[in-house]
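Take the sequence and the structure side by side and follow the paragraphs in order.

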Amino acid sequence: MSAAADHGVAPTTARRFTGLLGVVSLVVGWELAARALEGAFILAAPSDVAVWIVQNAGLLGRAFRVTLGNAAAGFVAGNLAAVMLAALALAWPRGERVIAGLALLIFCLPLVATGPILRVLYGPGPGPQITLAALAVYYTTFVPLLVGLRAAPSSWFDLVRSYGRGAMAELVHIRAAAALPYLFAGLQIAAPAAFLGAMVGEFTGAERGMGVLTIRATRALDVDAIWALATVAAAASMAVYAAVGVIARAVLTEPPPVILSPPPMPRTGGARGRAIVLTTAAVLGFALLLWWGAMELFDLNRFFAKRPDDVWAALVTAPDAAETRATLAQALRETSVYLLPGFAAGLALGTGMAVALTLLPAIGAGATAVAVALRSVPIVTTAPLVVLLLGRGAVGTIVLVAVMVFFPTFVACLHGLRQAPGQVIDVLDSYAAGPIARLWHVQLPAMLPAFFAAARMSVPASVLAVTVVEWLATGRGIGSLMALSASLSDYDMLWSSVVIVALLSVAGYAGVGAVERRVLSVYAAEQMTR
Amino acid sequence: MGADAEIPTSPGIVCRGVSKVFPGGVEVLRPLDVTLEGGQTTALVGPSGCGKSTLLRLIAGLEAPTAGEILIGGAPPSVILREAALAVAFQDPSLLPWRTVRGNIELALKLARKPPDPRKVDDLIRLVGLEGFADTRPAALSGGMRQRVAIARSMVTEPRLLLLDEPFGAVDELTRRQLAEDLPRIWEPRRTTTVLVTHSVSEAVMLSDRILVLSPRPAKIVEDIPVDLPRPRPAGIDSTPAFRAAVQEVSAGLARGMASTTPLAAQ
């Protein structure tokens with residue numbers, strides 16, 4: 001038996017069979033549902049999808065190759081950037097919080113707005129698609145890599161130091177190998193994210209690619225095409241996710257970690273408060289410097305390449321600043337009506353489903369395999385389907401946001417519930433405690449770190465989902481405002497939207513982090529003092 | 001040993017006024033003055049948490065003392081670290097999970113910039129009773145087996161100073177006795193200076209030439225007991241009256257140490 005199999009990395013035949021059974025059931029159920037709803041113009045059957053794919057194989061193949069090429073280029077660029085950022089944070093530990101904060105801020109930039117801006121900056125060509133693909137992947141690789149580079153007990157470093165060796169030997173013999181599972185976990189999530197980024201980039205005015213076909217099909221209400229494109233995008237994402245998984249299993253001696261979120265800031269009291277204020281100030285300062293510096297360095301036209309002072313003027317000092325602020329506030333209010341319920345519903349459903357499957361372990365194993373696989377589906381690329389199924393109103397948008405939050409929450413919570421210490425469960429079992437008592441006293445507290453990690457990372461994901469749906473379908477909210485501003489060349493409004501959405505996303509992330517610190521200081525005190 | 005090495009083959013250790021206070025004001029070591037003879041094995045015994053391992057880490061140069069100085073062969077610990085002439089078997093075996101038993105032992109040779117020596121690695125694997133497990137990863141080993149790998153790793157570079165922090169803590173009694181008989185056969189001919197931290201009085205007597213008894217934290221040396229037993233220690237020595245007398249003397253010293261707050265130097 002291989003070492004990988006020793007550690008349970010390789011899926012067992014039973015799990016493969018369960019997964020296959022799940023896929024077959026899904027296809028059969030889909031076909032039956034489509035037949036039942038025939039004529040409703042919302043659901044294409046798998047057979048219709050297959051026919052469309054065969055009939056349009058040439059067109060689809062060309063578009064697929066373009067998108068795959070853009071995604072691959074973005075994947076490489078984004079992951080290289082992640083490795084360089086992590087290396088910088090490692091070499092400059094005091095700057096780690098600032099680097100991580102800047103990385104988060106850039107990750108929170110709304111792709112819906114950065115897409116059109118990049119289109120203007122780059123002009124025609126694949127530049128925006130590749131950049132958006134890179135932006136979509138770098139953070140999900142950077143975060144686990146940063147954690148992984150430090151994921152070694154201090155005694156391993158003592159060992160290296162006891163032979164008189166320094167930081168380079170630590171990196172070669174300890175950190176690089178310890179970080180490898182985390183790197184693969186990041187790459188696995190990054191692969192479908194790159195596909196998503198490339199498609200969103202193509203939504204914003206590319207000439208070729210799957211995103212372009214999706215926009216055309218959505219406008220023409222070509223149900224078969226929309227379903228076929230979403231199916232191909234999902235299948236491609238799942239394939240690259242699985243391919244990275246196969247490579248990981250061949251290389252690693254232990255499975256990649258499930259939680260892809262940085263730990264909360266491990267300080268307490270006044271020191272933590274001061275650190276947060278200083279870090280926030282430094283992040284904002286560096287962000288402004290980078291923004292202004294990049295614009296000046298490339299000598300970009302101020303008409304479309306707004307500087308920080310332009311946005312300040314648009315929001316504060318210009319004669320129409322009050323009107324701009326009111327428009328933004330109204331759009332944000334509309335968005336929050338979709339975003340907050342969707343976010344809460346996704347968290348509740350993800351947690352509830354994980355708890356239910358823990359109580360029913362017989363179906364839990366198979367469901368976990370399916371959920372982990374579905375995590376690879378770029379949900380946003382299926383937005384047109386949700387709109388088709390549920391309409392352009394609030395329900396469709398809320399459902400899409402909830403689905404976006406559901407999968408990472410479900411997978412993380414299921415993982416967290418399994419982290420319950422076996423010895424403590426043994427103690428409860430020795431008192432003949434039932435599954436509910438076990439869940440309440442041991443498993444739910446053990447799940448909390450994973451739950452909060454998923455909740456934090458779901459903030460930017462849900463913002464992406466809501467803005468894409470607003471842009472593609474509902475015509476309301478901040479996503480629609482950004483799309484409208486781009487098409488009207490109202491760059492003051494567009495850049496103002498970018499700044500406000502990014503800051504609100506970071507604030508939401510920090511808000512979840514604050515609740516997390518408070519809760520975990522009671523339920524996972526060891527993690528908080530690490 | 002290279003011709004230009006600064007550290008002698010059997011370096012003595014001098015601690016002058018060495019104290020350690022951790023951040024937050026936890027005083028672990030009171031100012032401590034002691035000289036450990038080169039080529040000898042010295043055991044540090046004392047109650048849990050008294051600072052034995054901290055003293056070992058200070059000697060290894062992994063921690064800096066708050067005050068005082070430590071000299072190894074007349075030079076600060078950084079010199080023996082630089083020459084890779086030191087080896088530590090930590091309380092936690094600290095094996096890298098992605099390396100096999102052989103790979104973990106070979107890592108020490110790599111870190112010490114010494115050439116690969118498969119025969120020596122195999123000999124050590126056999127000595128610690130792990131033949132047949134050379135290509136096994138740590139996850140598949142018991143706690144005691146992992147600790148034996150760590151001991152083999154500490155021996156493979158033929159260090160001039162060997163620091164052992166409760167090396168047999170997780171090893172079963174039979175293996176522990178066997179190792180206590182076998183391992184000195186490696187370091188004694190080379191006259192390796194060895195410092196051993198242990199909770200086992202009989203192990204301290206079996207392995208060492210001198211036993212220092214430390215008080216509860218903040219640690220002071222409260223007893224300094226020479227072990228006058230023949231070298232090499234023959235099999236079955238632990239059932240001799242002389243051995244038992246030594247064990248009794250150290251046990252009594254430990255009991256006095258637990259009650260005493262007066263350091264030896266002041267007596």
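In this predicted model, Asp122(B) and Arg102(B) form a salt bridge, with their closest N and O atoms 2.7 Å apart. Arg102(B), with 22%, is partly exposed.

Helix 4 of chain B also holds Lys120(B). Lys120(B) forms a salt bridge with Glu158(B), and here the closest N and O atoms are 3.2 Å apart. Glu158(B) sits in the loop between helix 5 (143-156) and strand 6 (161-165) of chain B, so this pair ties together parts that are 38 residues apart in sequence. Lys120(B) counts as partly exposed because its relative accessibility is 23%; Glu158(B), at 36%, counts as partly exposed. Salt bridges can also share partners: Asp158(A), Arg161(A), Lys20(B), Arg57(B) and Glu63(B) are joined into one network in this way.

Chain A has a salt bridge between the side chains of Arg150(A) and Glu96(A), at 2.5 Å from N to O. The two residues are 54 residues apart, with Arg150(A) in the loop between helix 7 and helix 8 (154-162) of chain A and Glu96(A) in helix 5 of chain A. Are they buried or exposed? Arg150(A) is partly exposed at 33% relative accessibility, whereas Glu96(A) is buried at 18%. Over all chains, the count of salt bridges comes to 27.

Next come the sheets of chain B. Strands pair through backbone hydrogen bonds, in either a parallel or an antiparallel way. One open sheet in chain B has 3 strands in the order 2-1-4, with antiparallel pairing. Strand 2 (26-36) and strand 4 (67-72) of chain B each have a single partner strand, so one side of each has no neighbour in the sheet. On average, neighbouring strands of this sheet are turned by 20° against each other, direction ignored. Strand 1 (residues 13-22) of chain B is joined to strand 4 of chain B by 5 bridges, and Ser19(B) stands opposite Ala67(B) in strand 4. Helix 1 (residues 52-60) of chain B packs on this sheet and touches strand 1, strand 2 and strand 4 of chain B.

Another open sheet in chain B has 6 strands in the order 5-6-7-3-8-9, and its pairing is mixed. At its edges stand strand 5 (86-89) and strand 9 (221-226) of chain B. Strand 6 and strand 7 (residues 193-197) of chain B run parallel and are joined by 5 bridges; Leu163(B) stands opposite Val195(B) in strand 7 of chain B. Helix 1 of chain B packs on this sheet too, and its direction makes about 155° with that of strand 6 of chain B. Helix 5 of chain B lies across strand 5 and strand 6 of chain B, at about 175° to strand 5.

The last element is helix 4 (residues 57-91) of chain A. At 1.5 Å a residue its 35 residues should span 51 Å, which agrees with the 49 Å between its end C-alpha atoms. Its buried residues include Leu60(A), Ala63(A), Thr67(A), Asn70(A), Ala71(A) and Gly74(A). In a helix, residues three or four places apart point the same way, because there are 3.6 residues a turn. The buried residues of helix 4 of chain A pack against several helices of chain A, among them helix 3 (46-55), helix 9 (167-203) and helix 11 (223-251).

Technical notes. Residues numbered from 1 in each chain as written. Chains lettered and ligands numbered in written order. Predicted model: local features only at pLDDT ≥ 70, side-chain atom pairs only at ≥ 80, totals over all residues. Heavy atoms only, no water. Helix = DSSP H or I, 4+ residues; strand = E, 2+ residues; numbered from the N terminus. Expected span 1.5 Å × (residues − 1). Buried < 20%, exposed > 50% of the residue type's maximum accessible area, 1.4 Å probe, protein only. Contact = heavy atoms within 4.5 Å. Salt bridge = Lys/Arg side-chain N within 4 Å of Asp/Glu carboxyl O. Pairing = 2+ DSSP bridges. Axes fitted to C-alpha atoms, helices over the stretch in contact; angles between N-to-C directions.
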